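Welcome! Please take a moment to look over the sequence and the 3D picture, and then let us walk through them together.

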Amino acid sequence: MDGKAKFATKIGLVAATVGSAIGLGNVWRFPAETQGNGGAAFLLVYIVCVLVLGIPVMLAEFSLGRAGQSDAVGSFKALTPKKRWWIAGVIGLCASYLILSYYMVVAGWTIDYLFESISGSLYEGYDVNNVSQSTAFFAGKMGEVVTSAYQPIIWTFVAIIINLVVLLLGVRKGIEKLSNVLMPLLFVLLVVFCLKSLTLPNSMAGLMFFLRPDFSKITVDVCLNALGQAFFSLSLGMGILVTYSAYFPQETHLVRTAAQVSGLDFLVAFMMGIIIFPAVCSFNMGSGAQLEGTTLVFVTMPEIFANMIATRFWSVLFFLLLSIAAITSTISLGEVAVAFISDRFGVSRKWACVLVMAPLLVLSPLSSLSLGAMPDIKLAGLSLFDFLDTTATNFMLPLCAFLICIYVGWVLPKGFIDKELTNGGDFETRTLPVLKLLIRYVSPVLILLIFVAKLVDLLG
């Protein structure tokens, strides 16, 4: 990778950065978390968490990346060459690669469902007159897709090839151009689904669950879950934001960009809530475990489409939306490792892409097989897929983000934050004292709470 590569336009910069943040965490994790944590009460807490945790940590990562002008590890070395804070970058790099290894599997599932929706095979054998068996029917379909020995691996390879092609094209011709197309398309699809969902029978009941808060539902657990969701949905601690911000032109206003990216990221999650909850209530699917992550997307939503007019049309649009979210996520995760190999070892971008993707041809299929065909592939009593997920998201990401906040807030010179957030004085912000307070004190404490809560949950 050319370390001097920059995003060509402001729109491309925002689109690419939003694409790196928007992913499956917004599309399926947010509705599932909202349903399990009191609906609108969780939504309110989540908004607060984005403001006091998400944006400050994002700004810390943006500042580090643009000032360091290198990869997730090299930026630390560029700013403090004689100190070992680069280890924080290594943690984020490793976390992003572990997530990438199983996200490729999930991306494969979404592409598989997209093609099965196009062909109609997803709904072959479904009996519209036997609604009581519809959940079992689509759960069986999901089981075939997820646990098969061959099918998910083939589609995982397709996802890897798509990522390889985009990454080979580079920052401007690959990542930026793809984001300029896919992000507007994603929002168009979201608007279409919102309008459709709000016109379904009994949709207002679902909308009220999502928008009318019951403050008695706000508990410590709800607050911790909202913190975790804000953390995960904004791609904090993964090295992505550090890597992408190295491609920002120096005149980029980081505060404004962070607000735009966080706002659009929240908008996607919010729109998914408007899509999911009215539809679920309209078809009486609002109770039980049906709104759990993968089940929500691969069982509940196809079940809803099967009971709608133009089933295949809505199914294709939905899984196209989901595939876009998955691909933009995996590309940004892959770019972290590509940038690292290219910058640290002086390898051409072509070979860096090959070196990043080649191990996934083994690691991703193994994580897929651990879910069904080869359940003995385990670490610490978990399937390889779940072990990678738990290790990276619950522990490595919070640790990396915590270290970045300490590094930017306390290790770098006192004027560093002021300079980066005001562009050396060209862009004054009245919020600077508040942002510095959040980066130095509030965000690290909140991240520690997440980390301790996850550790207690694991040990308990």
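## Inside and outside

A residue is called buried when its relative accessible area is under 20%, exposed when that area is over 50%, and partly exposed in between. Keep in mind that what you see is a predicted model.

The accessible surface of the chain amounts to about 17,900 Å², and carbon and sulfur atoms account for 67% of it.

## The overall shape

Which elements build the chain? There are 18 helices and two strands. Along its principal axes, the C-alpha trace spans about 70 × 50 × 45 Å.

A compact globule of 460 residues would have a radius of gyration near 23 Å, and the 21 Å of this chain agrees with that. Contacts also tell us how the chain folds back on itself: among those between residues at least 6 apart in sequence, 82% join residues at least 24 apart. As for charge, the chain has 28 positive and 26 negative charges, and their mean positions are 12 Å apart.

## The nonpolar core

The largest nonpolar core holds 160 residues, and the members that touch the most others are Leu59, Leu190, Phe298, Phe319 and Val408. Helix α13 (residues 311–345) gives this core its largest share, 19 residues.

Which residues does Leu190 contact, if we leave aside its neighbours within four places in sequence? They are Val268, Met271, Met272, Ile275 and Leu321.

Find Leu167 in helix α7 (residues 151–198). Leu167 counts as buried because its relative accessibility is 0%. Leu167 and Ser332 are 165 residues apart in sequence, yet their C-alpha atoms are 9.1 Å apart in space.

Next, look for Pro278 in helix α11 (residues 254–282). Pro278 has a relative accessible area of 0%, so it is buried. Beyond its neighbours within four places in sequence, its contacts are Ser197, Leu198, Ser203, Gly206, Leu207 and Gly273. Ser63, in helix α3 (residues 40–68), is buried too, because its relative accessibility is 2%. Leaving out residues up to four places away, Ser63 touches Leu254, Phe416, Glu420 and Leu421.

## A helix under cover

Helix α15 (residues 360–369) has several buried residues: Leu360, Ser364, Pro365, Ser367, Ser368 and Leu369. What covers them? The cover includes α5 (86–119), α6 (134–147), α7, α14 (349–357) and α16 (384–411).

Most residues other than glycine have a negative phi. Gln69 is not a glycine, but its phi is positive, about 55°. Gln69 sits in the loop between α3 and α4 (74–79). Its relative accessibility is 27%, so Gln69 counts as partly exposed.

Ala380 is not a glycine either, and has a positive phi of about 55°. You can find Ala380 in the loop between β1 (378–379) and β2 (382–383). Is Ala380 buried or exposed? Ala380 is exposed, because its relative accessible area is 71%.

Terms used. Residues are numbered from 1 along each chain as its sequence is written. This is a predicted model: local features need pLDDT of at least 70, side-chain atom pairs count only at pLDDT 80 or more; totals for chains, interfaces and linings use all residues. Side-chain values use heavy atoms; hydrogens and water are left out. Helices (H or I, at least four residues) and strands (E, at least two) are DSSP runs, numbered from the N terminus. The radius of gyration is taken over C-alpha atoms; the globule rule is 2.2 Å times the number of residues to the power 0.38. Contact means heavy atoms within 4.5 Å. Accessible areas come from the Shrake-Rupley method with a 1.4 Å probe; for residues, only the protein chains shown count as cover. Lys and Arg count as positive and Asp and Glu as negative; His and the chain ends are not counted. The place of a charge is taken as NZ of Lys, CZ of Arg, CG of Asp or CD of Glu. A nonpolar core is a set of buried Ala, Val, Leu, Ile, Met, Phe, Trp, Tyr and Cys residues joined through side-chain atoms within 4.5 Å. Buried means under 20% relative accessible area, exposed over 50%, partly exposed in between (1.4 Å probe, protein chains only).
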